[in-house]
Amino acid sequence: MSPENKKKLNKIRVKLDKIDDSLLILIKKRTSLVKKVLKLKKFKYQIVDKKRIKKILHRIKIKSISNSIDPRITNRIWVNMIKSYIDYEKRNFKKK
């Protein structure tokens with residue numbers, strides 16, 4: 001890689017790091033809301049709501065397409081995020 005391209009790459013990476021920092025703030029906010037939702041659930045089976053998951057993924061697909069984002073990327077991100085929060089809720093269900 002040329003020195004000029006290395007500089008360009010580093011500038012782009014700095015921007016990516018800033019976006020990552022912003023995403024962490026949003027994940028913290030999302031986690032806070034998930035904690036509130038978890039407090040409302042009385043039974044562990046209420047953690048996984050397949051209809052809600054389907055609606056979320058459909059909504060994200062539509063928004064991705066309208067924003068010219070590859071929906072395969074956003075689908076993978078959301079599926080993994082949903083799975084991670086389901087796991088979080090299961091681990092924390094009785095710990096209220």
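At 14% relative accessibility, Lys 41 counts as buried. That residue will come back in Exercise 3. Please keep in mind that the model is predicted.

### Exercise 1. The overall layout

*Step 1.* Begin with the elements: the protein has 3 helices and 0 strands.

*Step 2.* Helix α1 covers residues 3-40, helix α2 covers residues 50-66, and helix α3 covers residues 71-92.

*Step 3.* Turn to the dimensions. Along the principal axes, the C-alpha atoms fill a box of roughly 60 × 30 × 20 Å.

### Exercise 2. Salt bridges one turn apart

How many salt bridges does the structure hold, and where in the helices do Lys 8 and Glu 4 and Arg 91 and Asp 87 lie?

*Step 1.* The total is 4 salt bridges.

*Step 2.* Take the pair in helix α1. Lys 8 and Glu 4 form a salt bridge whose closest N and O atoms are 3.5 Å apart. A distance within 4 Å is what the criterion asks for. The two residues sit 4 residues apart in α1, about one turn of the helix.

*Step 3.* Check how open this pair is. Lys 8 has a relative accessible area of 46% and is therefore partly exposed, while Glu 4, at 53%, counts as exposed. The line between these two classes is drawn at 50%.

*Step 4.* Move to helix α3. Here Arg 91 and Asp 87 are joined by a salt bridge, with 2.9 Å between the closest N and O atoms. Once again the spacing is 4 residues, about one turn of the helix.

*Step 5.* Classify these partners too. Arg 91 is partly exposed at 47%, and Asp 87 is partly exposed at 39%.

### Exercise 3. A buried pair across the chain

*Step 1.* Place each partner. Glu 89 belongs to helix α3 and Lys 41 to the loop between α1 and α2, so this pair links parts separated by 48 residues in sequence.

*Step 2.* Look at accessibility. Glu 89 has a relative accessible area of 8%, so it is buried; Lys 41, at 14%, is buried as well.

*Step 3.* Look around the pair. Glu 89 and Val 37 are 52 residues apart in sequence, with 9.3 Å between their C-alpha atoms. Lys 41 and Lys 90, 49 residues apart along the chain, have C-alpha atoms separated by 11 Å.

*Step 4.* Lys 94 lies in the segment after α3 and is exposed, with 72% relative accessibility. Between Lys 94 and Lys 44 there are 50 residues in sequence and 8.7 Å in space, C-alpha to C-alpha.

### Exercise 4. Two kinds of surface patch

Find which residues gather in a patch of positive charge and which make a nonpolar surface patch.

*Step 1.* List the charged group: Lys 51, Arg 52, Lys 55, Arg 59 and Lys 63 gather in a positive patch on the surface.

*Step 2.* Pick one member to check. Lys 63 is placed in helix α2 and, at 42% relative accessibility, is partly exposed. A patch member needs over 30% relative accessible area, so Lys 63 passes that part of the test.

*Step 3.* List the nonpolar group. Ile 12, Leu 16, Ile 19, Leu 23, Leu 24, Leu 26 and Ile 27 make a surface patch of about 670 Å².

*Step 4.* Ile 27 is in helix α1 and is partly exposed, its relative accessible area being 42%.

Methods: Residues are numbered from 1 along each chain as its sequence is written. This is a predicted model: local features need pLDDT of at least 70, side-chain atom pairs count only at pLDDT 80 or more; totals for chains, interfaces and linings use all residues. Side-chain values use heavy atoms; hydrogens and water are left out. Patches are made of residues with over 30% relative accessible area and no salt bridge: like charges are joined within 9 Å, nonpolar side chains (Val, Leu, Ile, Met, Phe, Trp, Tyr) within 5 Å. Accessible areas come from the Shrake-Rupley method with a 1.4 Å probe; for residues, only the protein chains shown count as cover. A salt bridge is a side-chain nitrogen of Lys or Arg within 4 Å of a carboxyl oxygen of Asp or Glu. Lys and Arg count as positive and Asp and Glu as negative; His and the chain ends are not counted. The place of a charge is taken as NZ of Lys, CZ of Arg, CG of Asp or CD of Glu. Buried means under 20% relative accessible area, exposed over 50%, partly exposed in between (1.4 Å probe, protein chains only).
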